[in-house]
Amino acid sequence: MVVNDSEAMRRALELAYQGAALSSPNPRVGAVIVRGGGVVGEGFYEYAGLKHAEIRALEAAGERARGADLYVTLEPCAHTGRTPPCTRAIIQAGVRRVICALPDPNPGVRGGGLEELRQAGIEVTTEVLEPEARRMNEAWLKWVTRGEPWVILKAGMTLDGKISTPPTSFDEGTRTHEWITSPQARWHVQQLRHEQDAILVGVGTVISDNPLLTDRTGLPRRRPLQRIILDSTLRLPLDSRVVQTAKEDVIVFCTFAESHKRRELERAGVKIFQVRSERGRPDMGEVMRLLGKSEIVSLIVEGGSLANWTVLNQGCVDKVFLYYAPKILGGTESVPLAGGAGYRRLAEAVTLGENYRLHRFGPDFAIEGYVVRQ
């Protein structure tokens with residue numbers, strides 16, 4: 001079967017997606033080797049497995065790689081890191097042509113691998129399905145260039161933008177939790193969680209709902225989903241499920257920490273970071289920088305109304321995934337998607353770009369869109 005450039009690169013992208021939750025903090029990369037119109041080798045990258053996608057594909061192809069075409073979703077590395085340069089192995093294997101979807105964005109690396117291949121006499125073709133490759137690694141691209149995680153704001157709500165009924169007995173934690181969205185939508189949320197390094201909520205959500213905040217897909221991941229809580233004054237209950245199950249995977253950001261409560265939480269396995277205050281809430285710029293240094297490449301925000309407002313108002317959100325159920329809750333006391341002070345003028349509102357997508361999950365629908373930076 002004759003395979004053209006687009007078909008082969010789409011297969012490389014499919015392979016790269018298999019690295020979800022397995023490649024971080026490195027990018028997802030897939031590679032396909034084609035000779036005589038047919039695929040002779042494939043591979044994708046897993047952090048724990050060390051070998052890059054190109055190396056795994058070359059090993060699968062063996063001698064058939066000589067004179068073949070190599071399709072790879074990201075520019076092959078020309079430097080020595082945890083592994084030797086991929087470019088060296090590609091040249092030694094006798095590959096005839098390399099087709100790359102996306103150049104490496106690192107300023108000190110960008111184009112270096114491709115140039116080394118050209119100098120070795122290998123034909124290089126670039127930008128085949130680049131938009132698809134860029135979308136697949138959008139989280140890593142932000143983290144590697146800015147040092148901060150990619151942030152997705154997720155919420156399930158009614159058609160009138162309510163995320164829950166009035167918070168009766170909220171402080172006592174006695175409010176009965178009711179699902180707004182369907183099982184189909186909630187399962188997709190789990191799949192979305194699986195692809196992230198961390199999940200973030202406000203302490204109010206922990207007190208109200210007592211969630212576990214875990215990846216329940218059952219799919220393999222290299223490291224556990226990091227559970228991040230915004231808790232200005234360390235109200236996090238010691239008997240909450242997140243604290244009771246903490247294994248160095250729960251991180252709390254506060255602005256004031258009473259020493260006794262801090263010691264108790266740290267003894268339970270919770271990491272505490274005290275950050276600057278921004279109008280009584282944790283400074284999210286500092287939070288994001290600290291998470292980036294901890295190799296958190298991507299996170300999903302599943303907070304309550306105030307946490308949602310905090311990340312939106314402080315300009316942290318890159319993308320939204322908003323699930324709508326065909327219901328209208330109404331009422332002035334029902335909880336909106338984002339509380340806080342809100343914006344006074346429409347010109348200040350958080351705006352999505354025109355390249356948003358609509359999805360259907362059972363009776364519900366969802367909007368997936370990118371936040372336009374003002």
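Colleague: How many aromatic pairs does the count come to?
Modeller: The count comes to six aromatic pairs, where rings of Phe, Tyr and Trp (its six-membered ring) pair if their centres lie within 6.5 Å, and planes under 30 degrees apart count as stacked, over 60 as edge-to-face and the rest as tilted. Please keep in mind that this is a predicted model, in which local features need pLDDT of at least 70 and side-chain atom pairs count only at pLDDT 80 or more, while totals for chains, interfaces and linings use all residues. Residues are numbered from 1 along each chain as its sequence is written, and side-chain values use heavy atoms, with hydrogens and water left out.

Colleague: Why is the pair of Tyr324 and Phe365 called what it is?
Modeller: The ring centres of Tyr324 and Phe365 are 5.2 Å apart and their planes stand at 15°, so the pair is stacked. Tyr324 belongs to strand E15 (residues 319-324) and Phe365 to strand E18 (residues 364-370), so the pair ties together parts that are 41 residues apart in sequence. Helices (H or I, at least four residues) and strands (E, at least two) are DSSP runs, numbered from the N terminus.

Colleague: Is Tyr324 buried or exposed?
Modeller: Tyr324 is buried, at a relative accessible area of 16%, whereas Phe365 counts as partly exposed at 32%; buried means under 20% relative accessible area, exposed over 50%, and partly exposed in between (1.4 Å probe, protein chains only).

Colleague: Which residues form one aromatic cluster?
Modeller: That cluster is formed by Phe321, Tyr323 and Phe361.

Colleague: Switching to helices, which are the buried residues of H3?
Modeller: Helix H3 (residues 86-93) has Cys86, Thr87, Ile90 and Ala93 as its buried residues. Viewed down the axis of H3, they fall within an arc of 130°, so they line one face of the helix; the arc is that of the directions from the helix axis to the C-beta atoms.

Colleague: And what do the buried residues of H3 pack against?
Modeller: They pack against helix H2 (53-61), strand E3 (69-72), strand E4 (97-100) and helix H4 (112-119), with contact meaning heavy atoms within 4.5 Å. Just after H3, Gly94 takes a positive phi of about 80°.

Colleague: Where is Asp104 found, then?
Modeller: Asp104 is in the loop between E4 and H4, and counts as buried at 8% relative accessibility. Not counting residues up to four places away in sequence, Asp104 touches Leu74, Glu75, Val109, Arg110 and Trp140.

Colleague: What about the loop between H1 and E1, which residue has its place there?
Modeller: Ala21 is one of the residues in that loop, and Ala21 has a positive phi near 65° although it is a residue other than glycine; Ala21 is buried, with a relative accessible area of 13%. Pro25 is also found in the loop between helix H1 (5-17) and strand E1 (30-35), and a cis peptide bond, with omega of about 15°, joins Ser24 and Pro25.

Colleague: Last topic, what is the secondary structure of the chain?
Modeller: The chain comes to 12 helices and 18 strands, and buried residues make up 53% of its 374 residues. Its C-alpha trace spans about 70 × 45 × 40 Å along the principal axes. Among the contacts with a separation of 6 or more, 71% are accounted for by residues 24 or more positions apart.
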